[in-house]
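User: I am new to this structure. Please walk me through it, and tell me what stands behind each term.

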Amino acid sequence: MFLQLCSATRYYDWVLKETNFTRLCSTKSILTVNGGFPGPTIQVHKGETIYVNVRNQGLYGVTIHWHGVKQPRNPWSDGPENITQCPIQAGSNFTYEVVFSSEEGTLWWHAHSDWTRATVHGAMVVLPAAGTTYPFATPYAQQTIILASWFKADVMEVINSALATGADPNTSDAFTINGQPGDLYSCSKASTYRLLVDYGKTYMLRIINAIMNEEQFFAIANHNLTVVTQDASYIKPITTPYIMITPGQTMDVLVTTNQPRSHYYMASTAYNDGDVPYHNGTTTAILQYRGNYSTPSTTPLPNLPIHNDTTAADNFTARVKSLASKAHPISVPTNITTRIYMTVSINERICANASCAGPNNNAIAASLNNISFETPSIDVLQAYYRGINGVFQGNFPSNPPLFYNFTGEVVNSTKYPTFGTKVKFLKYGEGVEIIFQGTNLVAPENHPMHLHGFSFYLVGTGYGNFNKTTSPKTYNLVDPPEANTIGVPKNGWATIRFVADNPGVWFMHCHLERHASWGMDTVFIVRNGNTKESKLRPPPAHMPPCSKS
């Protein structure tokens, strides 16, 4: 059903509960919100505030994150487990205050506890503020398209087993579009998602990559896509036969139904540029024209790039630029007072007696600046606000411990990271530049890095090692894309900039879920400014207590 363009209710009541679903010829119980997979869609207008009461009737503690919502001064409702709150225990509840500000477009919400986001997720549609409209012709209708993963096994067992053995977790058994694997998977043809359309209309597809561990190519047979937003920020329209979208990213795409009335597959398959396990299936849905015609004997598939076509991925992402119009201006910081050079690596953790199932009989780990993040038992936000010692250290470094040919030779001393809960403090209002540097350690690949509490500008990317003299000369400071999740190229670099104008505790991590589980995470703490409007808000009257989940 197409979304109705009306203002959303400001109060939501959600129930987390186990629900039986049948996919791929078997039935299993999954954790859901209100019994749905995907979960309910939230719809608001730009700048609104909503309240979501989450009652946990599941089996273990869970939190919810509002991905891409900046939550000004309000990290208390941001959601990452043991970073800004402890989990909502089974049998209890917590009310989130979700504060929308400058976002406009499509975002999404998801669980932020272990791997529960595999089934606990849904869309957030942020419509233009009252009295304003899109910077393009209003589409005839719109629909969310959520790409997700399906595991036959219990997802918590998948990751817990991998962490216990040190091995790579098992890949998913299918990808899905709006909860359905599609015609190319077993026992799935009858339930394939169908999008009914009228001839000669323009539709907006709000596409979300909620997949756990794979970036995706997406296309619709015989139809061009015109991308108009990324991560709830308007971009200069891009007309393309396909998109490449990383886990965590969202894109709004216009599709004009100008082909002969028939059935056409929309399809999505993995983009995987690393020598790592991935699910190599193709999920499909059907774009089905209304009208009187004979059902085609075969439904055409789009021509998607092959799984490791880096050129196709780069050709798409290089075209993404901010709209940067008078009505939708951007403000790229140029006065940079904090510059962080951050290596992004897969590592190994040495196991006693070579007892693990990862590379060299060690366990797989991951790191930023060679520090593998350890999640504390008390949330970082509470520890910071209340001055609780021993929860974190404020010495996350601005540079890696050793400089070498990051994308070439492998230096054994950096293969093994240090482990700890190290955070980086930022002054309120300062201009920040982060240079993510991919490395060739263990298993290099593209890393979709996500920052909570901010959108940022992707001012430059390149392959090889970042050069502090020549690389900044390639920066785009005129119309760089504004985003909350960006891909760091395999054995390459990406530079982002933002102003640290949101006081509080904000998580940053790779949105490939196995990498986040292995420690490819850190935390930024933005100190208070000098005015009430630049200080962290006090906590709500009730926060979930920190106890074993």
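User: Which residues does R117 touch, not counting residues up to four places away in sequence?

Analyst: R117 touches W108, H110, A111, A210, I211, M212, P247, H511 and E513. Contact means heavy atoms within 4.5 Å. A word on the source: this is a predicted model, in which local features need pLDDT of at least 70 and side-chain atom pairs count only at pLDDT 80 or more, while totals for chains, interfaces and linings use all residues. Residues are numbered from 1 along each chain as its sequence is written, and side-chain values use heavy atoms, with hydrogens and water left out.

User: Why is R117 called buried?

Analyst: Buried means under 20% relative accessible area, exposed over 50%, and partly exposed in between (1.4 Å probe, protein chains only). R117 has a relative accessible area of 1%, so R117 counts as buried. Its place is in the loop between β7 (105-111) and β8 (121-127). Strands (E, at least two residues) and helices (H or I, at least four) are DSSP runs, numbered from the N terminus.

User: What makes the pairs of R117 with A210 and M212 polar contacts?

Analyst: A polar contact is a pair of N or O atoms within 3.5 Å; within protein, one must be able to donate a hydrogen and the other to accept it, and residues adjacent in sequence count only if both atoms are side-chain atoms. The backbone oxygen of A210 is 2.8 Å from a polar atom of the R117 side chain. For the backbone oxygen of M212, the distance to a polar atom of that side chain is 3.3 Å. Both pairs are polar contacts.

User: Is A111 buried or exposed?

Analyst: A111 has a relative accessible area of 2%, so A111 is buried. It sits in strand β7. Beyond its neighbours within four places in sequence, A111 is in contact with V62, T63, I64, T116, R117 and V120. A111 and T63 are 48 residues apart in sequence, but 5.5 Å apart in space, C-alpha to C-alpha.

User: How do you know that the buried residues of α1 lie on one side of the helix?

Analyst: Helix α1 covers residues 155-165, and its buried residues are V155, M156, V158, I159 and A162. They cover an arc of only 165° around the axis, which puts them on the same side of α1. The arc is that of the directions from the helix axis to the C-beta atoms. On the other side of α1, E157 and A164 are exposed. The buried residues pack against α5 (513-518).

User: What caps the N-terminal end of α1?

Analyst: D154 does, with a side-chain oxygen 3.0 Å from the backbone nitrogen of M156. Just after α1, G166 takes a positive phi of about 85°.

User: Why are the buried residues of α2 placed on the same side?

Analyst: In α2 (residues 310-317), the buried residues are A312, A313 and F316. Their arc around the axis is only 100°, which puts them on the same side of α2. Their cover includes β13 (215-220), β14 (225-230) and β18 (263-271).

User: What is the strand order of the open sheet of six strands?

Analyst: The order is β10-β9-β12-β17-β14-β15, with mixed pairing. The edge strands are β10 (174-177) and β15 (233-240), as each pairs on one side only. Two strands pair if DSSP finds at least two bridges between them. Seven bridges join β9 (residues 141-150) to β12 (residues 202-209), and these strands run parallel. There, L147 stands opposite N209. Seven bridges also join β12 to β17, which run antiparallel. Four bridges join β14 to β17, again antiparallel.

User: Why is β17 called largely enclosed?

Analyst: Six of its seven residues are buried, so β17 is largely enclosed by the rest of the structure. Among its bridges, T250 is the partner of I208, and L254 is the partner of T226.

User: What makes a set of residues a nonpolar core?

Analyst: A nonpolar core is a set of buried Ala, Val, Leu, Ile, Met, Phe, Trp, Tyr and Cys residues joined through side-chain atoms within 4.5 Å. The largest one has 47 residues, and those with the most contacts inside it are I145, I207, F218, I243 and M266. β9 gives the most to this core, with five residues. A second, separate core of 33 residues includes I340, I371, F436 and M520.
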